[in-house]
Amino acid sequence: MAVPTQFAYRTLKEIGVFDAAPVYESLPGFKKPEGSSRCSVYSPCGRYFAWASTEGVSVIDASVGHVITTLPTPNVYELGFSPRGSYIITWERPSKDEKGDAVKNLKVWHTVEDVPAGGEKQVVGRFVQKNQTGWNLQYTFDERYCARVVTNEVQFYESGDLGTVWNKLRAEGVADFAISPGNNHSVAVFIPERKGQPSAVKVFNVPQFTTPVSQKTFFKGDKVQLKWNQLGTTLIVLAQTEVDKTGKSYYGETTLYVLSANGGFDSRITLDKEGPIHDVSWSPNSKEFGVIYGYMPAKTTIFNQRAVATHTFPLGPRNTIIFSPTGRFVLVAGFGNLAGQMDIYDLEKDYKKICTIEGGNPSVCEWSPDSKYILTATTSPRLRVDNGIRLWHVGGGIMYNQDMVELYNVAWRPQLFESFPSGDLLNPVPAPHSSALAYLGTVKTPSKPAGAYRPPGARGTSTPLHFKREDEGGAAHIVSNGTSLVGSNGFGKQRRQVPGAETIEPSLPPGAAPANGAAPGTAEGDENLSKAALKNKKKREAKKAKDAEAKAAGLIPENGPAPGGENRSPERRDRREHQRSRSKGQQDNNVRTPSQQRYRSNTYQSSQGRSQDIRQNGNGYGQNGNGHHNGYGQHQPQAPPAGNANNLSLNLAASRIQDAPELSVTSPGGGSPNAKKLRGLQKKIRAIEDLEMRLAGGEKLEDTQMKKIGTKSSVQAELTSLEAEG
């Protein structure tokens with residue numbers, strides 16, 4: 001029978017050990033303890049499982065579930081094991097004895113030892129450890145040495161004799177250290193910035209602590225994460241500052257460095273996207289690692305051990321990367337304030353994407369030891385609702401689901417991959433547990449997303465680039481401190497364009513506009529105009545075309561329409577001419593003198609210039625006077641009374657006007673009776689074309705609007721006939 005995978009969980013009222021695929025049942029020999037517990041943990045070798053309750057610490061054999069030892073320490077809040085499980089370490093809250101001295105609250109015990117009948121287990125060693133962060137001892141892979149950091153030094157002990165310091169690594173200001181998990185006895189120490197000196201990470205061989213074999217100094221490093229690969233040959237340093245002095249982030253700046261354990265290579269890893277480093281993780285093969293970095297949508301890149309990028313995954317809202325225990329698969333996910341999606345890639349199949357799993361809102365995500373399953377769990381106190389455990393197959397299907405109340409901790413049992421039967425990890429897909437089928441029955445089918453709200457004026461058009469995420473083709477998000485690199489909405493420069501190269505436009509649905517956001521049928525540059533401005537622009541263009549036709553027909557003088565009316569809209573010009581005609585009609589009963597005619601002129605010339613114009617033209621009206629040589633109307637002057645001093649000039653003006661060609665009246669106040677109907681039909685055509693544009697853009701129209709579109713042919717025919725008559 002195949003060896004089942006196993007996980008253990010701790011809730012508010014119980015602790016459970018569960019055999020997962022393929023049996024999906026609780027460990028038969030394990031009796032669930034009653035009452036609350038404070039912590040639980042597997043040993044790194046997978047042989048033991050321990051938990052701490054108010055009564056003490058219990059240790060069981062993880063394969064059968066039988067209790068093998070107990071520790072008489074009721075106030076334990078943290079538990080840990082040595083790499084091979086030979087020692088168990090407990091941490092209690094700091095306290096003081098009756099004399100006011102600090103109690104040695106960190107204790108080391110033998111996991112299994114022969115205890116005489118009636119006797120108690122003896123402590124191997126005890127220390128004062130005030131800080132809960134980094135409380136545990138660090139052991140070498142063979143458990144020969146262990147170490148802990150104290151003020152200005154790292155103290156090394158032989159594991160069997162914790163009462164005597166075996167050796168000391170002296171480093172002034174040392175804040176953190178990490179022992180290599182590989183076969184070589186190496187240790188890395190971190191020294192923060194101090195008195196103007198840069199931060200430093202130094203690698204030493206145990207026990208040669210006089211000179212480091214490799215080191216890297218840098219600024220902007222208040223704290224670091226030291227990540228060794230599994231062989232212990234290369235170290236990644238993720239440095240972070242508490243405050244970002246540039247003001248780009250609330251969480252400080254992050255930088256990444258890589259050092260080899262033998263001193264042959266060290267470098268800063270240059271990342272090509274601005275923003276924080278979200279996660280970095282080693283592959284179990286110790287030859288490559290993955291980094292997620294940059295402002296959302298973040299970029300995920302695989303590097304080799306020489307910090308050379310070998311592959312980049314698509315941009316997306318991701319902040320977690322985890323390699324499977326075999327190193328074949330990699331999980332790239334977005335947890336925390338992201339949507340909980342998990343992308344699975346097969347590194348042996350040219351980084352092919354296998355699936356995307358909708359994980360919900362998990363706070364725990366781990367690969368199973370056989371690399372076939374992924375465990376996700378929502379735990380308290382991060383979320384106190386929807387707590388539970390789910391198992392997913394690497395192919396994307398859910399295999400098991402269990403809802404719980406206030407789940408605090410869950411973890412896979414460490415097991416060697418060689419202990420599982422060999423075979424294809426993807427096929428065949430095992431049958432899911434009945435709980436998974438029940439869960440799928442409760443999951444609602446996601447409805448079609450409504451999408452973001454779009455104002456009516458933007459419907460039926462494509463989204464402008466500065467409103468799109470970078471992974472959707474939008475402009476790159478560059479955060480700067482008020483420099484010229486930042487455009488509207490915090491986005492940076494436009495994308496670089498190669499001179500002479502053709503721009504590639506994405507395929508658009510029928511009726512959609514190009515990427516610049518312009519609506520179909522609009523001229524270049526019109527996309528930024530409002531509806532009213534666009535309408536007025538169309539009217540002005542129509543008026544210009546109409547004037548050009550009239551000019552070609554000889555209805556308008558060569559020097560064009562009167563000044564002062566070029567920039568007015570047709571409605572304002574018509575209204576102004578109508579007022580002129582009405583005021584002129586009130587005064588036409590009396591014969592005007594040339595001075596009156598000069599005062600009626602709309603030209604802004606001097607009195608002398610107007611008189612000269614009257615004498616030269618001989619009509620007494622001026623270029624844009626009441627004679628209306630602009631095509632809007634014409635009035636014949638009456639004969640002047642006898643004895644007028646200017647009879648000669650008036651007669652000459654009358655004779656010239658009589659010789660002028662007869663013009664049609666096009667003012668709104670009179671003229672052709674079909675003009676008003678013509679304008680109404682043109683307005684109907686424009687309205688129908690607007691409805692057709694909205695329909696092509698995917699908007700649902702009402703029945704009355706569809707009927708209106710159906711009348712286009714009849715309206716067009718009537719408009720054509722009227723234009724032919726005119």
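Colleague: Which residue just after H7 takes a positive phi?

Modeller: This is a predicted model, in which local features need pLDDT of at least 70, side-chain atom pairs count only at pLDDT 80 or more, and totals for chains, interfaces and linings use all residues. Residues are numbered from 1 along each chain as its sequence is written, and side-chain values use heavy atoms, with hydrogens and water left out. Helices (H or I, at least four residues) and strands (E, at least two) are DSSP runs, numbered from the N terminus. Helix H7 covers residues 674-696, and the positive phi of about 100° just after H7 belongs to Gly698.

Colleague: Against which helices do the buried residues of H7 pack?

Modeller: Buried stands for under 20% relative accessible area, exposed for over 50% and partly exposed for what lies in between (1.4 Å probe, protein chains only). In H7, Leu681, Ile685, Ile688 and Leu691 are buried. An α-helix has 3.6 residues a turn, so residues three or four places apart point the same way. Judged by contact, meaning heavy atoms within 4.5 Å, the buried residues of H7 pack against helix H8 (703-710) and helix H9 (712-725).

Colleague: How far apart are the end C-alpha atoms of helix H2?

Modeller: The expected span of a helix is 1.5 Å times one less than its number of residues. Helix H2 (residues 531-552) has 22 residues and should therefore span 32 Å. Its end C-alpha atoms agree with that expectation, being apart by 32 Å.

Colleague: Which residues of H2 are buried?

Modeller: Helix H2 runs over residues 531-552. The buried residues in H2 are Leu534, Lys543 and Ala550.

Colleague: How many residues of strand E33 are buried?

Modeller: Strand E33 spans residues 373-378. Both of its faces are covered, with Tyr373, Leu375 and Ala377 buried on one side and Ile374, Thr376 and Thr378 buried on the other.

Colleague: In the open sheet of 4 strands, which strands stand at the edges?

Modeller: The order in this sheet is E12-E13-E14-E15, with antiparallel pairing. Each edge strand has a single partner strand, so one side of each is left without a neighbour in the sheet; the edge strands are E12 (138-139) and E15 (167-170).

Colleague: Which residue in E13 stands opposite Tyr139?

Modeller: Strand E12 and strand E13 (residues 145-150) pair in the antiparallel sense over 2 bridges. Opposite Tyr139, the residue in E13 is Cys146.

Colleague: How many disulfides does the structure hold?

Modeller: A disulfide is a pair of cysteine sulfur atoms within 2.5 Å. Cys45 counts as partly exposed because its relative accessibility is 30%, whereas Cys355 counts as buried because its relative accessibility is 11%. The number of disulfides in the structure is 0.

Colleague: With which side chain does the side chain of Lys107 make a polar contact?

Modeller: Lys107 is found in strand E10 (residues 106-110) and is buried, with a relative accessible area of 14%. Leaving aside neighbours within four places in sequence, Lys107 is in contact with residues including Thr73, Ile88, Val123 and Arg126. A polar contact is a pair of N or O atoms within 3.5 Å; within protein, one must be able to donate a hydrogen and the other to accept it, and residues adjacent in sequence count only if both atoms are side-chain atoms. At 3.4 Å, the side-chain partner of Lys107 is Glu92.

Colleague: What is the relative accessible area of Ala298?

Modeller: Ala298 lies in strand E26 (residues 298-304). Leaving aside neighbours within four places in sequence, Ala298 is in contact with Lys273, His278, Ile292, Tyr293, Leu315, Gly316 and Arg318. Ala298 is buried, and its relative accessible area is 0%.

Methods: Two strands pair if DSSP finds at least two bridges between them.
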